[in-house]
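Open the model in your viewer and keep the selection panel at hand. We will go from stop to stop, selecting as we go.

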Amino acid sequence: EWIERIERIGLRFVPQDLANIAWTFAKAIYVKVPVLVALCSRAAGCIQEFNHQDLANMAWAMANLLLRNEKLMRAIAEHAEERQDMAGYGRIAVRMT
């Protein structure tokens with residue numbers, strides 16, 4: 001809900017924004033489950049736009065916070081496997097689910 005409220009005022013989250021927010025929460029060990037679930041849902045919905053750094057940051061954040069979001073991890077794995085330059089990332093994400 002908070003993402004939609006922000007977007008209603010004209011701001012848009014790009015993949016790097018989502019990954020950076022998740023990374024910051026993980027670094028600060030800030031666990032606000034509804035916010036993280038919303039981030040995961042939004043990230044899974046636009047995973048094709050993520051570059052390798054965004055994918056790595058998002059996966060690291062979820063692992064560091066011990067948040068298991070199967071939909072996001074599967075999306076990361078599938079996207080990484082589709083790209084030749086990220087072939088190993090997908091196998092890592094699948095192991096995390």
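Start with the cysteines and look for disulfides. A disulfide is a covalent bond between the sulfur atoms of two cysteines. The test used here is a pair of cysteine sulfur atoms within 2.5 Å. By this rule the chain has 0 disulfides. Select Cys40: it counts as buried because its relative accessibility is 0%. Now select Cys46, which is buried too, at 13% relative accessibility. Here, buried means under 20% relative accessible area, exposed means over 50%, and partly exposed lies in between, using a 1.4 Å probe and protein chains only.

A word on what you are viewing. This is a predicted model, where local features need pLDDT of at least 70, side-chain atom pairs count only at pLDDT 80 or more, and totals for chains, interfaces and linings use all residues. Residues are numbered from 1 along each chain as its sequence is written, and side-chain values use heavy atoms, with hydrogens and water left out.

Next, colour by secondary structure. You get 6 helices and 0 strands. Along the sequence the pattern reads α-α-α-α-α-α. Helices (H or I, at least four residues) and strands (E, at least two) are DSSP runs, numbered from the N terminus. Of the 97 residues in the chain, 40% are buried. Contact means heavy atoms within 4.5 Å. Among contacts with a separation of 6 or more, 63% join residues 24 or more positions apart.

Select α2 (residues 15–27) together with α4. They pack at about 30°, with axes 8 Å apart. Axes are lines fitted to C-alpha atoms, for helices over the stretch in contact, and angles run from 0 to 180 degrees between N-to-C directions. The two helices are therefore roughly parallel. Angles under 35 degrees count as roughly parallel, over 145 as roughly antiparallel, 65 to 115 as roughly perpendicular and the rest as oblique. The crossing of α2 and α4 is left-handed: the near helix is turned anticlockwise from the far one by less than a right angle, while clockwise would be right-handed. Residues of α2 in this contact include Trp23 and Lys27, and those of α4 include Trp60 and Asn64. By class, the contact has 10 nonpolar, 4 polar and 2 charged residues. Ala, Val, Leu, Ile, Met, Phe, Trp, Tyr, Cys and Pro count as nonpolar, Asp, Glu, Lys and Arg as charged, and the others, Gly among them, as polar.

Zoom in on Asp54 in α4. Is Asp54 buried or exposed? It is buried, at 7% relative accessibility. Leaving out residues up to four places away in sequence, Asp54 touches Pro15, Gln16 and Ala19.

Show Leu55, Met58, Ala59 and Met62 of α4 with Leu72, Met73, Ile76 and His79 of α5: they make the contact. The set holds 7 nonpolar, 1 polar and no charged residues.

Between α4 and α5, find Leu66 in the loop. Its phi is near 60°, a positive value in a residue other than glycine. Most residues other than glycine have a negative phi. Leu66 is exposed, with a relative accessible area of 74%.

Last stop: α3 (residues 33–45) against α5. Their angle is about 30°, with axes 9 Å apart. That makes α3 roughly parallel to α5. Cys40, Ala43 and Ala44 of α3 meet Lys71, Leu72 and Ala75 of α5.
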